[in-house]
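Here is a short briefing to read alongside the model. Have the sequence and the 3D view open as you go.

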2 protein chains.
Amino acid sequence: MTEIKALVHDVFGTVVDWRSAVTADGQALGARKGITGVDWQQFADEWRGAYAPSMNRVRTGELPWTNLDALHRMGLDALIEKFGVTGLDEADKQWFNLTWHRLKPWPDSVPGLTRLKKKYIIATLSNGTVRLLTDMAKHCGLPWDTVLASDLVRHYKPDAEMYQSAIEFLGSGDPGAVMMVAAHNNDLVRAASHGMKTAFVGRPYEHGEKQARDFKAEHDFTYVATSFEDLADKLGA
Amino acid sequence: MTEIKALVHDVFGTVVDWRSAVTADGQALGARKGITGVDWQQFADEWRGAYAPSMNRVRTGELPWTNLDALHRMGLDALIEKFGVTGLDEADKQWFNLTWHRLKPWPDSVPGLTRLKKKYIIATLSNGTVRLLTDMAKHCGLPWDTVLASDLVRHYKPDAEMYQSAIEFLGSGDPGAVMMVAAHNNDLVRAASHGMKTAFVGRPYEHGEKQARDFKAEHDFTYVATSFEDLADKLGA
């Protein structure tokens, strides 16, 4: 088995708890603007729900390359309309759209990644942008060595180009030198199809009480862990 | 004046002292293999001398895209022949070629960049590869938020694509939000031509006693500093 040199990991859901941060920013915005009657957790869930379909419009060629900030903004504008939110000016909308740059890590993410960084290159492999991910790292002290992001290759996972970028840029072309870490079975199945090693980190509360899948590893991944700290234990880091 | 959000910096010569590290690795290799009569500092200087011409072969289309590890290896093989070095096996050559991944920072680089990181996104904009730069950061504790590298865009500075990548990925398209930091006047002149802000950090000893240019800022750059710590002072970081 080739030695693992780099761990690349999914971010939304795997490293950060998007749901509580987006909900909290919505509630803060609502309080500041005197908006009542909006269920901001439902708003957050529907915003996230628009994520995969919006990327699929790019992946299938229906839309030209559109980065995730712009896709998030399209989702936000549609939900402002749907939820009947009024009184937001352009600066408010820009601020709320950047909530995705300010997400907060699960409690084990920073300590676990800090341990893993001593032994491996650690990098994102995320559908976020370079700027979103660097902003997020600075906002919450995530110790990434570098970020691999969708705007670098103008593709979204699960397109092959994303996994191949990790293999080329961090594995020097050897897929077995790179391990994909994610809380989502489908992301890992795609990574494995390119020859990458795989580690499942369970996040059974990503969607709160609405979670419908990814409660556990459903395939024979290289490692299965309950947190980044547990993964560091299993890798001797 | 647009607020500066990101500092992107040249690496070879600006952040790290390639000359002493490559010379030391050559001397160590010579001692280990019983090689005598080779001036390893001269070897290092000629290896570095092959750098710009080899990239120009790619930039002009004479060679297809070839990453910097491969260009360094072509230079190494030619110099082994020229200097009459014998007795190296393939593992020795691979080890020596990776000397460029193990370069050491000038004394002010890590403390200065650590201060600048508190106020700005800090990233490389280097003709090295993503892997070379992440290896270097881990080797010597460079605190980059992310790396922007030639293999991401398959171009070498001073091609426009490199500067544009920093503007797109870290400046959200606004060139004035990104400042190029380098010890080389020509790098900064090119960056300025794309609307980027510029900071000259003097490295009058990059080439030792053979230094022939870049003793000082020759143009009206946004900032002129004597070190990364001096730049942090000037930027109030």
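Which residue with a positive phi follows α10(B)? That residue is B:Gly195, and its phi is near 90°. Please keep in mind that this is a predicted model, in which local features need pLDDT of at least 70, side-chain atom pairs count only at pLDDT 80 or more, and totals for chains, interfaces and linings use all residues. Residues are numbered from 1 along each chain as its sequence is written, while chains are lettered from A and ligands numbered from 1 in the order in which they are written.

**Helix α10 of chain B**

- Helices (H or I, at least four residues) and strands (E, at least two) are DSSP runs, numbered from the N terminus.
- Helix α10 of chain B spans residues 185-193, and its buried residues are B:Asp187, B:Leu188, B:Arg190 and B:Ala191.
- Buried here means that 20 or more other C-beta atoms, placed from the backbone, lie within 10 Å of the residue's own.
- These residues cover an arc of only 160° around the axis, so they sit on the same side of α10(B); the arc is that of the directions from the helix axis to the C-beta atoms.
- The buried residues of α10(B) pack against α9 (160-171), β6 (178-182) and β7 (197-201) of chain B.

**The sheet of chain A**

- In chain A, 6 strands form an open sheet with parallel pairing, in the order β5-β4-β1-β6-β7-β8; two strands pair if DSSP finds at least two bridges between them.
- β5 and β8 (223-225) of chain A are at the edges with a single partner strand each, so one side of each has no neighbour in the sheet.
- From one strand to the next, the twist averages 25°.
- The parallel pairing of β7(A) with β8(A) runs over 3 bridges.
- α7(A) packs on the sheet, where it touches β4 (121-126) and β5 of chain A, and its direction makes about 145° with that of β5(A).
- Helix α10 (residues 185-193) of chain A also packs on the sheet, touching β6 (178-182) and β7 of chain A, at about 165° to the direction of β6(A).
- For these angles, axes are lines fitted to C-alpha atoms, for helices over the stretch in contact, and angles run from 0 to 180 degrees between N-to-C directions.

**A closer look at A:Ala199**

- A:Ala199 lies in strand β7 (residues 197-201) of chain A and stands opposite A:Tyr223 in β8(A).
- A:Ala199 counts as buried because it has 23 C-beta neighbours inside 10 Å.
- Leaving aside residues up to four places away in sequence, A:Ala199 touches several residues, including A:Met179, A:Val181, A:Phe221 and A:Leu231.
- Contact means that the C-beta atoms of two residues, placed from the backbone, lie within 7 Å.

**Where chain A meets chain B**

- In this interface, 14 residues of chain A are in contact with 14 residues of chain B.
- On the chain A side, α7, β5 (146-149) and α8 give two or more residues each, and α7(A) gives the most, with 5 residues.
- That side of chain A divides into 7 nonpolar, 3 polar and 4 charged residues.
- Ala, Val, Leu, Ile, Met, Phe, Trp, Tyr, Cys and Pro count as nonpolar, Asp, Glu, Lys and Arg as charged, and the others, Gly among them, as polar.

Technical notes
A residue is buried if 20 or more other C-beta atoms lie within 10 Å of its own, exposed if 12 or fewer, and partly exposed in between; C-beta atoms are placed from the backbone.
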